[in-house]
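Here is a short report on one protein chain. Please look over the sequence and the model first.

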Amino acid sequence: MAKIQMFHFAACPYCREATRWMDELRREYPELRDVRVERIDEKLHPEIAEQYDYWYVPTFFVDGKKVHEGACTREIVERVLRMGV
C-alpha cells in the first residue's frame, strides 16, 4: 500500500470537503476502506509542512510525490485514494 499524506488545516472549507468525500468514498467502495491517509495539519505541525513543496491546501502526496494541490473534486479524492490500494 502506498503512503498517502494530506496537508490541511481545520479552518479550510476545501479541506473539510475533501475529508467528507474521503469518508463517503470509503463507505461506498469497500476496497478503499483500508487505505490510510496521514492527515497533517500544517498549522499544528509547521515543522513537517515546511519539508514539503506546496502552497495551497488540501495537498496530497503519495509516496512522497505531490499528486494534487488545492481545491479538489470528489473524483480527484477518489483517484488519490485509489493510488493507495
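P58 lies in the loop between α2 (46-49) and β3. The peptide bond from V57 to P58 is cis, with omega near -5°. Helices (H or I, at least four residues) and strands (E, at least two) are DSSP runs, numbered from the N terminus.

This is a predicted model: local features need pLDDT of at least 70, side-chain atom pairs count only at pLDDT 80 or more, and totals for chains, interfaces and linings use all residues. Residues are numbered from 1 along each chain as its sequence is written, and side-chain values use heavy atoms, with hydrogens and water left out.

**Overall fold**

The protein chain has three helices and four strands. Along the sequence they follow the pattern β-α-β-α-β-β-α. The C-alpha atoms fill a box of roughly 35 × 25 × 20 Å, taken along the principal axes. Of the 85 residues, 42% count as buried; buried means under 20% relative accessible area, exposed over 50%, and partly exposed in between (1.4 Å probe, protein chains only). Contact means heavy atoms within 4.5 Å. Of the contacts with a separation of 6 or more, 63% come from residues 24 or more positions apart.

Strand β3 (residues 59-62) pairs with strand β4 (residues 65-69) in the antiparallel sense, over four bridges. Two strands pair if DSSP finds at least two bridges between them. F61 stands opposite K66 in β4. Two residues lie between the strands of this hairpin. D63 is found in that loop between β3 and β4. D63 has a positive phi of about 50° although it is not a glycine. Most residues other than glycine have a negative phi, and most peptide bonds are trans. D63 is exposed, with a relative accessible area of 54%.

**Aromatic rings**

Rings of Phe, Tyr and Trp (its six-membered ring) pair if their centres lie within 6.5 Å; planes under 30 degrees apart count as stacked, over 60 as edge-to-face and the rest as tilted. By this rule there are five aromatic pairs. F7 and F61 form one that is edge-to-face, at 5.7 Å centre to centre and 80° between the planes. This pair links distant parts of the chain: F7 sits in strand β1 (residues 4-8) and F61 in strand β3, 54 residues apart. F7 counts as buried because its relative accessibility is 0%. F61 also counts as buried, at 4%. F7, Y52, Y54 and F61 form one aromatic cluster.

Charges also sit over rings. The rule asks for NZ of Lys or CZ of Arg within 6 Å of the ring centre and within 35 degrees of the ring normal.

| Charged residue | Ring below | Distance from ring centre |
|---|---|---|
| K43 | F9 | 4.8 Å |
| R82 | Y29 | 4.9 Å |

**The core**

A nonpolar core is a set of buried Ala, Val, Leu, Ile, Met, Phe, Trp, Tyr and Cys residues joined through side-chain atoms within 4.5 Å. The largest has 25 residues; those with the most contacts inside it are I4, M6, F7, F60, C72, V77 and L81. β1, α1 (13-28), β2 (37-41), β3 and α3 (74-83) each supply at least two residues of this core. α1 gives the most, with five residues.

Which residues does F60 touch, not counting those up to four places away in sequence? They are I4, Q5, M6, A18, K65, K66, V67, H68, C72 and V80.

T19 is found in helix α1. T19 is buried, with a relative accessible area of 17%. Leaving aside neighbours within four places in sequence, T19 is in contact with M6 and R39.
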